[in-house]
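This report looks at the chains, domains and contacts of one model. Please view the structure first.

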Amino acid sequence: MIIAGSTSVQPYAELLEEAFAVYAENTLLYQCTIDIQGGGSAAGLTAAETNVADIGMSSRELRETEKEQLPYIFEIAKDGLAIIVHPSNPVANLTTNQLRQIYTQETKNWSELGGNDAAIHVITREDGSGTRSAFEELVMGKTEGIHPKAIVQNSNGAVRLLVSDDPNAIGFISLGLIEAHEGQKEVKSLKLEGIDAIPENVKNGTYQLSRPFIFAAKTEPAGVSKDFIDFIFSPAGKAILAQEGLIV
Amino acid sequence: MKKIGHMGGKIAKTLIWFAALMVLALLFFIIIHILVKGLPAIDWRFLTDIPRSMGREGGIASTIVGTLMVTAVAIVIAIPFGIGSAVYLAEYTHENIVTRVIRFSAEALAGIPSIVYGLFGFIFFVIYLNLGWSVLSGGLTMAVMILPTIIRTSEEAILAVPNSYREVSYSLGGTKWQTIVKAVFPSASRGVFNGVMLSIGRCIAETAAVMLTAGSSLGMPTSLFAPTRTMAVHFYILALEGISMKNAYATAALLIILIFIVNVAANMLMSKISAKESVKAKR
Amino acid sequence: MKMKKELSGYVFFIFALSAISVLALITLFIIARGAPLIAKVGLFNFLFGMEWAPSQEKFGIFPMIVGSVSVTLGAALIGVPVGICCSIFLTEFAPPALGNIFRPAIQLLAGIPSVVYGFWGLLFVVPFIRNYLGGPGLSILAGAVILAIMILPTVISISEVSLLALPRQYKEGALALGMTHWQTIYSVMLPAAKSGIVAAVILGIGRAIGETMAAIMILGNAVALPSSILDPVRTLTTNIGIEMGYASGDHQQALFATGIVLFAIIMVLNASAQYIVRRRGK
């Protein structure tokens, strides 16, 4: 069985798969391997449509055409988008409007936001990424695009690495990845409109920046697929996702 | 005039020494940095355990197996085609339009960026032939990529075999096929082997093309049709997704050690074979 | 017996067709995937368009062509002189013991995965540029430095081979005429080995243009015309590498179309390198 798609969802799917393999062996009494593939939301959904993969993973809402092809849609979790800066940056809060102006480069210097007198190094994700389209939808609105001079990185981790290293950078990543793991430097997540970027606030709807993590399939999951999806929505599966900072 | 020439010579010589030592120092810096950070995390468990928690915990056994499988497929496929091409070019034909086109193709293939191979492998092997992201797709893509290296090094090695070898074989009544297999090939084998080793190194190190064709699944590949993640791709994901710097460094250190072993093996076998040959020649 | 001889010839001929067929397949599949988009957007708009925003149906790759050219040029400016110096060092100056360390070291340099270089650049080169020269660090300059290191093995080994291939009489004659060692190198050996060195440079440039993973990590990938070497840029290769995962439909075709442009550039470079080498042969 193959699951393919969003690189944002992939790490969490790998964690779930690991736990599921143990659960399947002990409780369901069979052995199975599920291959979790990256590739990206669009590639994964295409793979599911063409039966290259059994399930496609997406880190954004499905488009109408995709929904027609893949009618079995499971939202496994919600993920907040955190706005991150270097820990030494004195700025602690931004309004959505200020954030938009940073990404259109109308605001170019941190001093305009009460920070140091230094140019803002804007970091974004690549065009087509689920994380980027969620950010564009929620922050930029329909009319304005992210300025082309913005630095583009193609993973949450790369954005985090850069921001942790550059006192003047700003970027957005998955909420679950703010905390520093061993070997990583700290980053600071900003409040948006005065609201802390924490799972509780995403859950109660006060923190606006979030997107769904979706599993989508062409046919109704059966056999291992069904067991796996059931497992994800079981208390054990939810606990794994919640522990990683996702909202279930 | 002469004096200025001397001065210029001194300066140039100093600059050349400086450049060479800089390059050497830089190389050692890169390698030692990776080894110092990576070696402490490498132990038996790291080599034999499969990755857990996305690679944050556990080892990298499945990526080692994946790397070896992709490399093996590539080598097994590329060797007959590569060496066969070389034999044809060197033994069966004179320079003509066909050989020129073949040579041009091989040189052109050698220059194509790996990302373009990745695009091709994705659209041809993964999608068109419906092999999916798999060891086979990755291996075939790499086979195409290393083909020109094997053709070129093998042809050079075959052309370097003295003509007297062939003449002796023919005078003993050998057919062309026998001559190639028994007389030409044994003495060309060191060059051919060197090319194969270079190609193995290239397969181990490749990232872009393999990621698009073999995939990035962490599981232990159980067949040629299973997707896999090679060590180089694993390093890229660990380092750039920021999953575990410790395991990223350890993977990189292991990669460098592997490449080093491949290089040393190539050099040692080459000198061994050439030593044997010189003994033979003396007789 | 005659039959067998001919049969083996045919078998080898079939093997020998592999390179041509594969090249044809690659060309065919890349063009078939990318050409429809170029036709739709128009070749001129595609090559010289300033805006790349696939989600808004804007497909202009001019900033990436500028990116590829500037990074490659930078890499060549740094890597070629250093590489040629190293090859002269190896053939003329290096004590045997040092040469025996240097050659395997260069071989190892060639074998290290490009992702490792990219990572190393991200850890050392990028912060250095950010702290001491300004800008975000991810820049043309950072890319040029890392790619210069990566093309060194190509430049060094091919230049060395062409220097070693010179007949001994060249050097001996020049020395006998009373030239100094350096004058001999500079005015006799280097000119005589020129075409080989030029081929080395072109192949090095080809490698730099084609590099993807390291470039993704250190160039910053912004799709805008750079105004200084401290600005981030995106190259043709990184455009494919960074967006391939998420692309579908027209967007994916546009990346294949980017591949066509890259492919064409590499073919021209290669053909010129081969032309130069062959002219030397005559």
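The domain assignment of chain B gives domain 1 (2-41) and domain 2 (44-282). Such bounds come from an automatic or database domain assignment. This is a predicted model, where local features need pLDDT of at least 70, side-chain atom pairs count only at pLDDT 80 or more, and totals for chains, interfaces and linings use all residues. Residues are numbered from 1 along each chain as its sequence is written, while chains are lettered from A and ligands numbered from 1 in the order in which they are written.

**Chain B: two domains**

The centres of domain 1 and domain 2 of chain B, taken over C-alpha atoms, are 31 Å apart. Seven residues of domain 1 of chain B are in contact with eight residues of domain 2 of chain B. Two residues are in contact if their C-beta atoms, placed from the backbone, lie within 7 Å. The domain 1 side of this contact in chain B has five nonpolar residues, one polar and one charged. Here Ala, Val, Leu, Ile, Met, Phe, Trp, Tyr, Cys and Pro count as nonpolar; Asp, Glu, Lys and Arg count as charged; the others, Gly among them, count as polar.

Chain B has 11 helices and two strands. Helices (H or I, at least four residues) and strands (E, at least two) are DSSP runs, numbered from the N terminus. Along the sequence of chain B the pattern reads α-α-β-β-α-α-α-α-α-α-α-α-α. Among contacts in chain B between residues at least 6 apart in sequence, 74% join residues at least 24 apart.

B:Tyr249 counts as buried because it has 26 C-beta neighbours inside 10 Å. A residue is buried if 20 or more other C-beta atoms lie within 10 Å of its own, exposed if 12 or fewer, and partly exposed in between; C-beta atoms are placed from the backbone. Which residues does B:Tyr249 contact, leaving aside its neighbours within four places in sequence? They are B:Ile34, B:Lys37, B:Gly38 and B:Ala41. B:His33 is 216 residues from B:Tyr249 in sequence, yet their C-alpha atoms are 9.3 Å apart.

**Chain A: fold and domains**

Chain A has nine helices and 11 strands. Its radius of gyration is 19 Å, close to the 18 Å that the globule rule gives for 248 residues, so chain A is as compact as a globular protein of that length. The radius of gyration is taken over C-alpha atoms, and the globule rule is 2.2 Å times the number of residues to the power 0.38.

| Chain | Span of the C-alpha trace |
|---|---|
| Chain A | about 60 × 35 × 30 Å |
| Chain B | about 65 × 65 × 40 Å |

Buried residues make up 53% of the 248 residues of chain A. In chain B they make up 55% of the 283 residues.

Chain A is assigned domain 1 (2-78 + 213-243) and domain 2 (79-203). The C-alpha centres of these two domains of chain A lie 28 Å apart. Their contact takes 11 residues from domain 1 of chain A and 10 residues from domain 2 of chain A. On the domain 1 side, the elements that give two or more residues are helix 2 (41-49) and strand 4 of chain A. That side of domain 1 of chain A divides into three nonpolar, six polar and two charged residues.

Is strand 8 (residues 169-174) of chain A enclosed or exposed? Six of its six residues are buried, so strand 8 of chain A is largely enclosed by the rest of the structure. Strand 4 (residues 72-85) of chain A runs antiparallel to strand 8 of chain A, joined by five bridges. Two strands pair if DSSP finds at least two bridges between them. A:Val85 stands opposite A:Ile170 in strand 8 of chain A. Strand 6 (residues 121-125) of chain A pairs with strand 8 of chain A in the parallel sense, over two bridges. There A:His121 stands opposite A:Ala169.

Helix 5 (residues 130-140) of chain A is mostly covered, with eight of its 11 residues buried. Among them are A:Arg132, A:Phe135, A:Glu136 and A:Val139. Just after helix 5 of chain A, A:Gly141 takes a positive phi of about 75°.

**Between chains**

Chain B meets chain A through 21 residues of chain B and 21 residues of chain A. The chain B side of that contact has eight nonpolar, nine polar and four charged residues. The contact between chain C and chain B takes 63 residues from chain C and 67 residues from chain B. Helix 1 (residues 2-41) of chain C gives the largest share of the chain C side, 18 residues. By class, that side of chain C has 43 nonpolar, 17 polar and three charged residues.
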